[in-house]
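Let's take a friendly look at what lies inside this model and what lies on its surface. Please keep the viewer open as you read.

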Amino acid sequence: MTEAGSATARTRRVERRAHADYTGGVYGSMLAASVIVGAGSLGSFPRLELVLLLLLTGLSFWVAHVHAQLFGARLAQRNPGRHVVLRVCREEWPIVKAAVPPAVAVAVSPLLGLGLPGTLWLALSVAVAGQVGWSSAAARRAGAPWRMVALSASVNLLLGLLIIAFKLIVTH
């Protein structure tokens, strides 16, 4: 690759990162927290079932978002090309990525000596922390001043605390 070609490729990568959309990460973290709250009673293998529930819910919503983007918003384009499909898949992937940390928290909870209730609280805390982290990263990436980053984090923390309040209210 020539020096100019390498610089162009590098510029495209930087631009892609600069325009990264963290909405899916915030959304996915809220989704994961909601799954944990609504999990209710699980079967014989509750941790495995919760890990699968988190990951499969994230994948299902990712597929739904990709489908909506490709066939809803882009319906005017006849036959979107492979590059469009791949771009949309990549743009929506943070929904799935956001489900991974709570799923990992569930998977490692026995190593921490946690019972099922402690596992649920750990996973819920990780999901809310992810929600706050994704929103803060989005604000920073957008070049927002620190007070806007703090405001974004605070609003998402309040939303997370609302989800936690639902957990306290909802008993299974």
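Buried means under 20% relative accessible area, exposed means over 50%, and partly exposed is in between (1.4 Å probe, protein chains only). This is a predicted model, in which local features need pLDDT of at least 70, side-chain atom pairs count only at pLDDT 80 or more, and totals for chains, interfaces and linings use all residues. Residues are numbered from 1 along each chain as its sequence is written, and side-chain values use heavy atoms, with hydrogens and water left out.

| Residue | Relative accessible area | Class |
|---|---|---|
| L151 | 45% | partly exposed |
| S135 | 4% | buried |

L151 sits in helix α8, where helices are DSSP runs of H or I with at least four residues. S135 belongs to helix α7. The S135 side chain makes a polar contact with that of N156 at 3.2 Å; such a contact is a pair of N or O atoms within 3.5 Å, one able to donate a hydrogen and the other to accept it.

Now for the interior. A nonpolar core joins buried Ala, Val, Leu, Ile, Met, Phe, Trp, Tyr and Cys residues through side-chain atoms within 4.5 Å. The largest one has 18 residues, and I36, L50, L54, V106 and L124 have the most contacts inside it. Two or more residues each come from α2 (23-38), α3 (46-73), α6 (100-108), α7 (116-141) and α8. Apart from this core lies another, of seven residues, including V66, V88, C89 and V96.
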